[in-house]
Amino acid sequence: MTIARHFAVPMALLAPLAMAAPAHAGEVFGGVYKHAVATPLSLEGGREQGVDFQLGFRGGRLFPGLGLQPYAFGALNSAGDTSYAAAGLSWKFGDKFFVRPGLGLAIHNGSAAKFDRPDRIALGSRVLFEPELGVGLRVTRNATIEAHWIHMSHGTLASGQNPGIDNIGARFNLGL
């Protein structure tokens with residue numbers, strides 16, 4: 001099954017969340033990430049390889065005065081390891097320099113096995129929590145760059161084994 005077929009239905013289901021705010025207030029973003037970085041949160045590293053290429057959309061603010069924005073994105077792994085799609089809400093603090101935490105749900109095409117595997121990270125569930133954190137800088141009126149971290153795991157809700165996966169990289173955001 002091709003990667004496009006893995007993500008066609010999930011992205012179609014997640015698209016309305018990304019479109020919840022007016023399009024003129026949104027932004028598109030893309031990034032490049034080191035895949036499966038070993039951190040204290042993931043307990044993994046080295047079992048999967050490659051670089052993740054990410055493309056997504058962030059909608060405008062949901063409520064006036066609040067920085068909550070819906071987002072949806074997909075990430076394709078260059079080595080054929082775990083690719084994923086995610087959607088959730090992020091909250092931006094600051095403007096010239098900013099911090100952007102987010103929380104969403106992700107689906108992936110990697111191993112959903114609940115037991116250890118030598119070749120892939122056994123994530124234990126097809127659906128995972130997806131907290132993320134970006135620290136960035138406004139470079140023009142409509143463009144920002146940010147260092148970005150994405151964590152995905154099921155938080156031991158699907159099984160006792162919860163290796164998780166962390167991806168760390170850089171993102172470019174362009175306002176529409």
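Glu132 counts as buried because its relative accessibility is 3%, where buried means under 20% relative accessible area, exposed over 50% and partly exposed in between (1.4 Å probe, protein chains only). The model is predicted: local features need pLDDT of at least 70, side-chain atom pairs count only at pLDDT 80 or more, and totals for chains, interfaces and linings use all residues. Residues are numbered from 1 along each chain as its sequence is written, and side-chain values use heavy atoms, with hydrogens and water left out.

Glu132 belongs to strand E7, residues 127-138; strands (E, at least two residues) are DSSP runs numbered from the N terminus. The side chains of Glu132 and Arg171 are joined by a polar contact of 3.5 Å, that is, a pair of N or O atoms within 3.5 Å, one able to donate a hydrogen and the other to accept it.

| Residue | Residues touched |
|---|---|
| Glu132 | Tyr71, Phe73, Arg100, Pro101, Gly102, His148, Trp149, Ile150, Arg171 |
| Leu123 | Thr82, His108, Ser111, Ala113, Leu128, His154, Pro163, Gly164, Ile165 |

The largest nonpolar core has 15 residues, and Leu123 is among those that touch the most other members. Such a core is a set of buried Ala, Val, Leu, Ile, Met, Phe, Trp, Tyr and Cys residues joined through side-chain atoms within 4.5 Å. Strands E1 (27-34), E3 (68-77), E4 (84-91) and E8 (143-152) each supply at least two residues of this core, and E3 gives the largest share, three residues.

Leu66 lies in the loop between strand E2 (51-58) and E3. With a relative accessible area of 34%, Leu66 is partly exposed.

Conventions:
Helix = DSSP H or I, 4+ residues; strand = E, 2+ residues; numbered from the N terminus. Contact = heavy atoms within 4.5 Å. Lists of a residue's contacts leave out its neighbours within four places in sequence.
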